[in-house]
Structure formats: structure tokens, C-alpha cells
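Reader: I would like to go through the terms used for this model one by one. Please set each value against its cut-off.

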Amino acid sequence: MTKITKIEVQKNNKERFNLFLDEVFEMGIDIDTLVRFNLKKGQILEPSDMENIQKYEHYRLGINMAIQYLSYKKRTEKEVRQHLQQNEISDIAIQQVIDYCYRESYINHEDYAESLKNTMINTTDKGPEIFRQKLYQVGIEPNIINTYVPIYEEEQSFEAVIEVAKKIMKTKKGPEIKIRQKVLQSLIQKGYSMDVVQQAIAELNFEQDENILDDLLQKDLEKVYTKQRRKYDGQQLVMRTIESLMRKGYKYDKIKSKLEESGILDE
């Protein structure tokens, strides 16, 4: 048996106390632990009493860690569990903390999904599939994901998708077919469905300035021809050059004309 010889308020936290047993510092406890066990100077504690106090204090430590972690932004159960595990809170205490967080609505997955939806729609250029991935990564339940992804699709305006497509298009140069492919790929990577992507692309004008396109063809021709002539010559070199440029999206008649203009083909 041990005796509580002193309980003093900690200097840096008025809601935590230092517990002394038989004149020796034993542990720090918070005010909830103090009240729960009605601890006071002169009290005699059995080993079982100390075991219960330590377990409860560990649980309270986990709660305080969780609340502080949740104070910065909304978190999911998975995120809170990982945070507590990294801070060496026991599995038993973690489950108790998680239950407490649910009871007090500190963790609410529907609220999390709603908040993330609004943030992504208003501040990013990402589509519903990226939203789905983010929810899945943080451990949101499938039924909530399947509820909120369609809402995301409904609330994200088609005009916003078109604007994203236009911005992508402005950064691309080259033949129309290639730019169209690049815009399509970029929109899919950003999480938009194929139906929405195709509808957005149908709204865009992919026509290129002929002078700019001609300059790009000339530069690509020089690069491709220089590369291919390391392996081929004669007619095979010409055909390989034409094939490479067509794969880049240039039309055959434009390529042929540029080859003639460059002296590679006889006019």
C-alpha cells in the first residue's frame, strides 16, 4: 500500500496535477482523473487502485491527444487511430478514445464527406473520382462514399469542367488530334467521368493557328529526321520519318509538303 503525500497543480497546465506517493513523484494526472478517483492527500492506495488510475490516465491522455489533433481540421476514425498509435497509446485505450469521439461527435464521417466535397468543388479543379479516392484513403465507409460521390457530380457545374478543359488546352501545342487526346487524358486524370469529359471536349474549339502549327511541324521534323537517320537511310529513312510525325498527329499531306520544302523529298 502507498499513501498520497502531495497533489500539486502543474506550473504550465492548471488542469493537470503532479501526484506524489510516499513523498516521491509518481505521475501526472489530469483533473478528470483526480475527480473520478476522488484523490486527496493522505489517501491510501492499493496496487489495484494505482493500476486503475494509470489505465484511466492513459485513456485520458489519448482523449487529450485526439481532441488536440481534431482541433486543427476534421479527421476520420482511421486518421485518429493512426495518430494515437504513433504516439504509443495502447490499443485498448485507442478504442475507448474512438468511442468517446463518436459519442461527442468529434468524429462524424458524413460531416467529413460533406466538408471535403464543398472544399474540393470550391477550391480545386478535381473531379468526383479524385473525391472518391480521397474518401477511400482516409477510411470512409463505402455506403457514405457511394452517397456523396453522386452529390459531388451533381453539384460540380459543367461550366467549371469546361473551364478546366480550356486551361489545359491552352498549355498544349501541336496537331489538333494530339491536343484533343492530351486534354482528354488530363481530364480523366483529374477525376472526371468519360461521359463528362467527352461532353466538355465537344464544347471546345481545337483549331490551331496554321503558322504556329507549321513551325511546330518544322521543329518536330528536324528532331525526328535527325534521330531516324542514325538507323536508316534512303526511302526507309523517309518512311520512318513520316510514320513518326503521323503518330504525333500531323496530317500526311502537311508532312509531305514539309519534306519537299526541306529538300528531303524532290518536289
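Author: R60 lies in helix α2 (residues 47–72), where helices (H or I, at least four residues) and strands (E, at least two) are DSSP runs, numbered from the N terminus. The model is predicted, so local features need pLDDT of at least 70 and side-chain atom pairs pLDDT 80 or more, while totals for chains, interfaces and linings use all residues. Residues are numbered from 1 along each chain as its sequence is written, and side-chain values use heavy atoms, with hydrogens and water left out.

Reader: Why is R60 called buried?

Author: Buried means under 20% relative accessible area, exposed over 50%, and partly exposed in between (1.4 Å probe, protein chains only). R60 has 14% relative accessibility and therefore counts as buried. Leaving out residues up to four places away in sequence, R60 touches D30, D32 and T33, a contact being heavy atoms within 4.5 Å.

Reader: Is I89 buried or exposed, and what is the reason?

Author: I89 has 5% relative accessibility, so I89 is buried. I89 is in the loop between α3 (77–86) and α4 (91–103). Beyond its neighbours within four places in sequence, I89 contacts H58, L61, G62, M65, L84 and I94.

Reader: What makes strand β2 (residues 16–21) largely enclosed?

Author: Six of its six residues are buried, so the rest of the structure largely encloses β2. In a regular strand the side chains alternate between the two faces of the sheet. In β2, R16, N18 and F20 on one side and F17, L19 and L21 on the other are all buried, which leaves both faces covered.

Reader: How do you know that β2 pairs with β1 and with β3?

Author: Two strands pair if DSSP finds at least two bridges between them. Strand β1 (residues 2–9) and β2 have five bridges, in the antiparallel sense, with I7 opposite L19. β2 and strand β3 (residues 24–30) have six, also antiparallel, and R16 stands opposite D30. A hairpin of six residues joins β1 to β2. The hairpin of β2 and β3 has two residues between the strands, and D22 in that turn has a positive phi of about 50 degrees.

Reader: Why are α8 and α10 called roughly perpendicular?

Author: The axes of helix α8 (residues 158–170) and helix α10 (residues 194–202) cross at roughly 70 degrees and come within 9 Å. Angles under 35 degrees count as roughly parallel, over 145 as roughly antiparallel, 65 to 115 as roughly perpendicular and the rest as oblique. α8 and α10 are therefore roughly perpendicular. At their contact, F158, V161 and I162 in α8 meet V196, Q199 and A200 in α10.

Notes. Axes are lines fitted to C-alpha atoms, for helices over the stretch in contact, and angles run from 0 to 180 degrees between N-to-C directions.
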